[in-house]
Each structure stands twice: as structure tokens, then as C-alpha cells.
Amino acid sequence: MSARPRNDHHCAAGSRRHVTSLLLIATALVGLAASAVGALVTQRLRIQLVSVLTIAACSGGLAVAIEVLRSGRSVVVHTHLLLPLVGFSLDLDRFGALFVAVSAGVAICAMVFRLGYHGHGLSSRTASCVLPLFVTTLLLVPAASSVTTFLFLWELMAIASLLLVLADHRHRSEVAVAAVWYAVMTQAGAAALLVGLVLLSTHAGSQSFSAIADHSAHLPAWVRSTVFVLAVIGFGSKAGMVPLHVWLPRAHPEAPGPVSALMSAAMVNLGVYGIVRLGDGLLGGGPTWWWLMVMALGALSALYGSLHSATSTDLKRLLAYSTTDNVGLMLLGVGASGLFASTGHPALALAALAAALLHMVFHAVFKGSLFLSAGSLQQATGIRDLDRLGGLLGRMPVTGTLFMVGALTIAALPPLCGFVSEWLLLQAMLHGLPSLDPSLAIALPLGVGVLALTGGLTALTFVKAVGIGLLGRARSEPVALAGEVPRSMWIGAGIPAALCLVFGVAPLLVIPAVVEAARTVTASRLPNPFVGGWQVGLSGIHGVLAPGLLAAALTVAVTLVAGIRRALQRSALRSTEAWGCGRELQTARMEYTATSFGEPLSRVFEDVLSPSHDLDISHVAESRYYVEAATFHTSLEDAFERHGFRPAAAALAWWGGLARRVPNGSVHRYLAFGLIALVVVLVVLG
Amino acid sequence: MYLSTMRLSTLIRRWRTHPTDIPLAGTASPAVGEAARRNRGSLQLRHVDAGSCNGCELEIASIFSPVFDAERFGIRLEASPRHVDGLLVTGPVTRNMADPLRKTLDAVPRPRVVVAVGDCARNCGVFAGAYGVEGSVADVVPVDVEISGCPPDPATIITALRGLAGT
């Protein structure tokens with residue numbers, strides 16, 4: 001095993017890089033040790049030991065990533081111990097380090113949360129063994145610097161996450177269905193990646209990323225385009241990009257709380273990582289149509305995801321669709337960046353990429369807080385269906401507040417961090433508008449429109465999630481009896497919630513690192529494009545934002561309004577029952593539900609969402625004027641799943657059924673096959 | 001029949017001369033004076049039929065007809081008790097309507113007035129002692145103004161309500 005710095009100019013710097021390399025190796029080893037501990041130790045000690053070791057590994061990863069982001073010196077590790085013949089090589093640059101830092105941060109929160117989380121099969125031996133492995137691969141994938149290493153880690157990550165989704169398969173049959181969808185989609189994506197990367201490395205004559213990056217400009221255009229399209233398919237399926245997202249709203253909700261947080265806040269980012277690394281880094285940018293395709297897919301994901309999350313009634317499914325939505329926004333930024341680069345606006349390209357990466361970081365922060373607090377709500381009530389939740393803010397004030405902070409952040413309200421990244425994304429696209437290039441003139445206004453519509457739908461979604469889930473009265477027995485969750489779960493979900501506010505007020509803690517990461521991957525020579533001081537903006541775009549001032553102004557405004565309201569309030573508040581036309585029996589079941597909240601929207605977008613209703617009324621035998629029982633069932637299936645993937649799966653099953661008739665057990669038939677094969681071979685060779 | 005036998009010109013003449021037809025009664029109770037000051041020419045009411053024979057309803061309907069047109073005094077009927085200054089209750093309070101009446105009153109923001117319209121609302125009238133009757137309106141909720149008559153004629157109702165509206 002060798003940990004060598006790439007160029008030793010300074011002895012001190014060199015030794016420091018040895019330290020970071022060793023720290024990266026230690027991170028991986030501690031992660032693997034945690035995995036071994038999970039497999040070997042008895043159940044009583046397992047949760048604590050595994051969590052502590054994984055947190056240690058993540059802290060190591062976070063330290064390495066921060067050091068790389070700070071100094072800009074990449075960490076290189078090459079070893080022949082793993083993966084014989086080709087070796088296992090890691091090279092963590094600033095771009096990768098950004099993703100490692102995000103994954104490590106999310107994983108630390110998830111593991112702290114995990115200390116209090118029980119149930120959902122996460123304490124089993126398999127799950128305890130696989131969880132640290134999954135976290136370790138999340139930390140190492142962005143560092144991989146050769147095709148084989150990357151594919152090896154990528155596959156390991158896919159399989160580990162698949163096993164974690166399956167954790168609760170003994171108790172709920174839906175888990176197995178979700179896992180099959182996930183397995184098929186992720187393996188199909190991995191196959192596309194395998195073909196693409198093998199094609200790339202054969203034509204570039206090397207499988208090391210740096211060598212590919214050097215050669216890629218000389219590759220034939222069809223190779224570059226094929227590789228890019230395959231990569232968009234492969235990475236897009238992992239990122240939950242429409243139309244390859246169908247596994248995501250199934251697998252993320254069925255996974256245990258900390259795992260869904262890890263998948264949604266850290267793993268999907270790696271899909272975006274792959275597209276940027278390959279498109280901007282290894283291939284060094286490409287023609288306009290590549291990026292128009294990425295933008296179109298991003299816009300589709302953003303719209304489709306936000307529409308579905310606005311009409312979902314399952315809390316975690318809603319969050320999963322909103323992940324698709326946010327990945328769409330990131331891809332929109334990435335696509336806009338590529339488009340700017342290909343039409344000769346490098347400054348805008350850098351600004352758009354930085355905005356997209358910033359949104360990735362902030363999405364991880366708020367989605368981590370949302371998924372973890374949703375995990376707490378689920379643990380306390382055992383229910384994910386918003387139509388049966390309600391009134392949880394009073395019963396679980398801490399968890400409820402944390403969820404609410406996440407919801408306000410994702411709705412992009414100042415002074416929280418979601419506002420900053422969406423603002424920068426919007427600015428980057430708006431400032432490309434005066435350009436005369438036709439592709440920009442068409443794509444950017446549409447992108448801005450998508451961003452605006454998505455923002456509105458997201459606000460609607462989280463008004464629903466908070467209003468129906470946390471406010472009002474409890475709609476079912478378990479919710480009425482729910483109590484607060486253990487303190488470690490508060491801390492796990494509380495760290496990202498606190499970061500929502502911190503990064504919202506002081507985004508400059510993150511923006512320089514993000515901009516450096518964007519410069520690294522595009523090998524940009526442009527000066528550091530962010531406006532410093534207390535203002536936020538990216539050079540190349542003119543608008544600036546002062547988040548600190550904004551927060552101060554908001555605090556003053558809120559205090560003023562609250563003070564005036566208190567001063568004007570003449571009599572004491574009196575709370576009475578909701579007005580129900582004076583009817584005697586008024587229960588919490590008559591409250592407004594999430595289904596009713598989303599109904600107008602699902603009616604407006606009926607063609608896209610195609611909701612199905614089933615009303616079954618049975619009459620009394622004596623007279624059909626009297627109803628004996630009425631059942632109403634409504635469901636909102638994914639249109640891509642129903643019209644695309646299900647028919648495809650049915651066709652495959654039919655094809656497989658045909659093939660199964662061929663080997664029918666008859667020895668004569670097999671001998672005939674052998675004879676035919678022999679004849680064919682002879683004919684071909686002759 | 002009142003309206004149908006009347007010719008349009010008569011109707012218009014009556015409408016124009018109306019304000020003098022309805023005398024403004026003195027506001028004896030201090031609660032009424034206070035309500036008049038508070039409402040300042042706008043009195044929004046929710047009507048609750050607590051078990052009436054619908055005689056009082058006919059008269060209440062006719063005060064909003066073109067003939068009497070109570071709206072010119074700022075008196076209006078509202079659909080939701082959340083938006084009103086008081087309740088207009090008719091009929092003896094039946095057992096089935098006692099709770100809904102209490103709930104409706106609970107839904108009215110304070111300060112508010114309760115007007116019992118008709119003899120049944122005041123003292124159960126001819127229904128007193130019937131098996132389904134809980135009692136008069138005052139037995140169920142506190143009453144501020146009572147309007148007598150079986151049914152009270154529109155002019156009487158308007159007079160009482162004008163006292164509350166302060167017009």
C-alpha cells in the first residue's frame with residue numbers, strides 16, 4: 001500500500017498529504033471494522049458500537065474532505081491489495097471532497113439518530129454489517145480515480161443500499177416489492193454505466209480518470225456522445241431522475257429512517273456527481289444538445305417530482321418525490337452550466353454549476369433533517385399516512401419543530417439555506433437571458449419557469465405536510481398516544497435543522513468551497529467567482545444577496561408584527577370547537593385531509609397524474625334508496641410506472657416465458673440443440 | 001298574497017315612503033344601547049330555527065323583501081356564525097336543537113346578542129309542555145332581546161333590530 005503525494009514541492013505540505021492519505025485509508029478501514037463489528041458482536045452492544053465506529057469513520061472522512069477543500073491539494077491512495085491486476089486507486093480532489101463532506105455529514109447525523117432508532121429490522125446482524133459498509137462506500141465513491149475502482153465501489157454501494165432497503169422485509173411485504181424495483185433499476189443503470197465507462201476507457205487507452213481526461217478531447221464524437229448518454233442513464237437512475245425514478249418513491253419510504261435519510265440526502269447526490277464528473281471533468285464539456293438533454297430531464301424531474309409530492313399522502317413518499325424534484329433542480333443547474341460553457345459563457349457556466357452544487361449541499365442539509373424527523377414521527381406513531389397523522393406538534397414539540405424547520409427550508413423561505421441556493425440558481429439562469437444564442441434563449445426562460453412552478457408546488461407540498469401532519473387534531477389512536485422520541489434522535493435530526501439556519505444566515509461558510517469544487521471539476525482558470533463580505537453573489541451575474549441583513553430585517557419585521565398584533569388584540573383569545581353547522585358528532589376524522597388538500601391539484605393535472613377513483617355503494621335489500629355501505633378508494637399511481645415500466649416488465653416476463661418453453665427437459669431436444677449448434681459453428685468457421 | 005295583489009306602482013310608493021312607516025322604539029335595556037353603539041349601523045345575524053312552526057321564518061323572510069327591506073338599516077342575515085354580531089332564534093327549543101343552538105352560540109365571536117323572535121321563543125307559546133320541547137330560548141342560552149307576537153309582524157321585528165343596529 002502506498003500513499004504518495006502527486007508532486008512534492010514542499011516537504012511540510014508533503015508530510016501533511018501523507019497524513020491526509022493515511023487518514024483516508026484509516027477512514028475506510030474503520031468503516032470496514034464497523035461492518036465487521038456489526039456482523040460479529042451480540043445484539044446488545046451492536047447498535048452503540050457500530051454507530052460509534054461509523055461516526056468515527058465519517059469524522060475521518062469529513063476531516064480529509066475539509067482539508068482537501070481548504071488546501072486544494074488532492075489526496076491520492078493507490079493499492080494493489082484490493083482488486084488484483086488493476087489496483088484500487090483513490091484520488092480525492094476538491095470536487096470529490098465536497099461530496100465526501102456532504103456524505104460524511106449526513107452519515108454522522110444519521111448514525112447519531114440511529115442510536116435511538118429501533119425497529120424496522122435495522123438491528124439485525126445483516127443490516128448492522130451492511131450499514132457501515134454503505135456509509136464507507138458513500139465516502140469512497142467520490143474519491144475513486146479509475147474506472148474499475150469506481151465501478152467496484154458503485155456496485156458495492158448499490159448492493160449495500162439494496163440490502164438496507166430490504167431490512168424490514170420480514171414484517172411488510174411492500175418492502176420486497178420496493179427492493180425488486182430498486183434492484184432492477186439500479187442494476188440497469190449500472191449496466192449502462194459499465195458499458196459507457198468501458199467504452200470510454202478502451203478508446204482512451206487507459207482506465208485512470210486523469211489519463212482519460214487528458215485523452216478525451218481527441219476521442220471520436222460518437223464515442224463521447226454515446227458515453228455521455230449512457231452515463232446520464234446510469235447516473236440518472238441512481239439520482240432518481242425522471243423517467244428512471246420509479247424505484248425512488250418506493251424504496252426510500254420503505255427503507256428504515258436513517259437509511260432513507262442516507263439514500264435521499266447523500267446517495268442521490270452521487271448521481272449528480274457522476275454526471276458532472278463525466279460530462280464536465282472526464283469529457284471536458286460537450287456539444288449543446290448534451291446539456292439541453294440534461295436540462296430537459298432536470299426540468300421534467302423537477303416538475304413531475306413536485307407534482308407528485310404535492311399530491312402524495314404518504315409522508316415519506318412525499319419526501320422521496322421531493323428528492324426527485326430537487327435532483328431535477330440540480331440537473332437544471334448542471335445543464336444550464338454546460339449550455340453556457342458550450343455557447344461561450346464560461347463565467348456564467350461556473351456560476352450555474354456552483355449554484356447547482358450549492359443546492360446539492362443544502363438539499364442534503366434540509367432533506368437530512370426532514371427524513372430523520374419523519375423517521376422520528378414514524379417511530380413514535382408507526383404511521384406514515386398523512387391522512388391518519390395530525391396534531392403531532394403538540395405531542396412531539398421538538399421533532400415537530402425540527403420537521404417544520406426542514407419544511408420551511410425546502411419551501412425556500414428566507415432566512416433558511418434553501419432560499420440562498422434557489423436564489424443563486426434562479427440568478428444564474430436569469431442572467432443568461434439577454435444572450436442571443438437561440439438554444440439559450442429557449443432553454444433558459446423555460447428553466448426559470450420550471451423553477452418558479454416547482455417552488456410554488458413545493459411550498460404547497462410542505463404546507464400540506466406540516467398543516468395536516470403536525471397541526472390540527474390527531475386522526476388516529478396511535479397518533480393520539482404518541483410521545484417524544486429519545487434524545488439522540490433529536491440531536492441527529494437537530495444538527496441538519498440547525499445547519500439550515502446557520503447556512504441560511506451565513507452561506508459564505510459553504511459557498512467558497514462549492515465554488516472551488518466547481519472550478520476544480522471544470523478545470524476553470526477563471527478568478528474565484530463569488531462576491532465576498534456579507535453579500536452573496538457569483539461574479540458573472542449581477543444580483544447580490546445579503547443573507548445576514550435579510551435575516552435581521554426579517555427578525556425585526558416578525559417582532560414588529562407580533563408586537564403590533566399583541567398591542568391591538570383587545571380581548572383574550574378563546575378557543576372553541578371548529579364550526580360544523582352545529583352537528584352533534586364531530587370527530588377528528590372530519591378534519592381536512594392530505595387527500596382533500598391535494599385533490600384540486602390532482603384534478604387540474606389529471607392528464608399527468610391520472611388519479612383513479614373507485615366508489616362502491618351497496619344498497620339495502622328492501623329499497624335501493626337506502627345505502628347500506630359505501631367504500632371509496634383513491635390511488636395515484638406513477639404514470640411512468642403504469643404506462644412505461646409495467647408494460648415493459650410484462651413484455652419481458654412474456655419473453656422469458658417463451659424462452660422457458662425451449663428447455664422442456666427432453667434429452668432428445670437437448671441433443672438436437674447440440675447438433676444444430678455444431679452445424680452452425682462449422683458453417684460459420686468453414 | 002300580500003305582494004301579488006299589490007301593483008308595482010303601489011309597491012314603489014310604499015318603498016319610498018317606508019322609513020316613516022316603522023317607528024323606532026325606545027332602547028330601554030342598557031345591553032341594547034351598548035349593542036347599538038358597538039354595531040354602528042351594521043348588524044349581521046345568523047338565524048337559528050330551534051323548532052319553529054315556520055311562521056316566524058315567513059315574517060323574517062319578509063323583512064328582507066322589497067317591501068320592508070331591512071338591509072337599508074344595515075341588518076343582514078349571514079350563513080356562518082363566525083361572521084355575525086348575534087343570533088336570531090325562533091321557535092321553542094326542541095330537545096334535538098338544544099345542543100346545536102348552544103354550539104352555534106359558542107361559534108359566535110364576542111361580544112354578541114341573542115334575539116328571541118316570537119312568542120314560542122319567549123315562552124314556548126302553544127308548544128309549552130310538549131314532550132319534545134326543552135324550553136324557551138332563555139332556558140337554553142342567555143337572551144338579550146325578545147320580540148313578542150305569534151308571529152311578530154315585520155315592522156315589529158325591524159323596530160327591534162334597528163334598536164340593536166343603532167340605525
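This note walks through selected features of a predicted model, chain by chain.

1. **Ground rules.** The model is predicted: local features need pLDDT of at least 70, side-chain atom pairs count only at pLDDT 80 or more, and totals for chains, interfaces and linings use all residues. Residues are numbered from 1 along each chain as its sequence is written, while chains are lettered from A and ligands numbered from 1 in the order in which they are written.

2. **Chain B, overall.** Chain B holds 7 helices and 7 strands. Helices (H or I, at least four residues) and strands (E, at least two) are DSSP runs, numbered from the N terminus. Along the sequence the pattern reads α-α-β-α-β-β-β-α-β-α-β-α-β-α. Chain B has 167 residues, and 38% of them count as buried. A residue is buried if 20 or more other C-beta atoms lie within 10 Å of its own, exposed if 12 or fewer, and partly exposed in between; C-beta atoms are placed from the backbone.

3. **Contacts within chain B.** Take the contacts in chain B between residues at least 6 apart in sequence: 84% join residues at least 24 apart. Two residues are in contact if their C-beta atoms, placed from the backbone, lie within 7 Å.

4. **Where chain B touches chain A.** Here 9 residues of chain B are in contact with 5 residues of chain A. The chain B side has 3 nonpolar, 2 polar and 4 charged residues. For these classes, Ala, Val, Leu, Ile, Met, Phe, Trp, Tyr, Cys and Pro count as nonpolar, Asp, Glu, Lys and Arg as charged, and the others, Gly among them, as polar.

5. **Cis peptide bonds in chain B.** Check Pro111(B) and Pro151(B). The bond from Arg110(B) to Pro111(B) is cis, with omega near 0°. Pro111(B) sits in the loop between helix 4 (95–107) and strand 5 (113–117) of chain B. Another cis bond joins Cys150(B) and Pro151(B), with omega about -10°. Pro151(B) is in the loop between strand 7 (145–147) and helix 7 (154–165) of chain B.

6. **Positive phi in chain B.** Arg40(B) is not a glycine, yet its phi is positive, near 45°. Arg40(B) lies in the loop between helix 2 (30–39) and strand 1 (43–49) of chain B. It counts as exposed, because it has 11 C-beta neighbours inside 10 Å. Cys124(B), also a residue other than glycine, has a positive phi near 70°. Its place is the loop between helix 5 (119–123) and strand 6 (133–135) of chain B. Cys124(B) has 21 other C-beta atoms within 10 Å, so it is buried.

7. **A helix pair in chain A.** The axes of helix 15 (residues 397–410) and helix 19 (residues 487–505) of chain A come within 9 Å and cross at roughly 35°. Axes are lines fitted to C-alpha atoms, for helices over the stretch in contact, and angles run from 0 to 180 degrees between N-to-C directions. The crossing is left-handed, meaning that the near helix is turned anticlockwise from the far one by less than a right angle; clockwise would be right-handed. Helix 15 of chain A brings residues including Leu402(A), Val405(A) and Gly406(A) to the contact. Helix 19 of chain A answers with residues including Trp490(A), Ala493(A) and Ala497(A). The contact divides into 7 nonpolar, 4 polar and no charged residues.

8. **Leu470(A).** This residue lies in the loop between helix 17 (438–469) and helix 18 (477–480) of chain A. Leu470(A) is buried because it has 25 C-beta neighbours inside 10 Å. Gly400(A) is 70 residues away from Leu470(A) in sequence but 6.6 Å away in space, C-alpha to C-alpha. Leu470(A) also touches Phe403(A) and Met404(A), among others.

9. **Helix 24 of chain A.** Helix 24 (residues 639–661) has 23 residues and reaches 33 Å from its first C-alpha to its last, close to the 33 Å expected at 1.5 Å a residue. The expected span is 1.5 Å times one less than the number of residues. A kink of about 30° lies at Phe645(A), shortly before the proline Pro647(A). The bend is the angle between axes fitted to the seven residues ending at a residue and the seven starting there. The number of buried residues is 0, so helix 24 of chain A lies largely in the open.

10. **Helix 25 of chain A.** Helix 25 (residues 667–685) has 19 residues and reaches 27 Å, close to the 27 Å expected. It is hardly covered, with a buried count of 0.

Notes:
Lists of a residue's contacts leave out its neighbours within four places in sequence.
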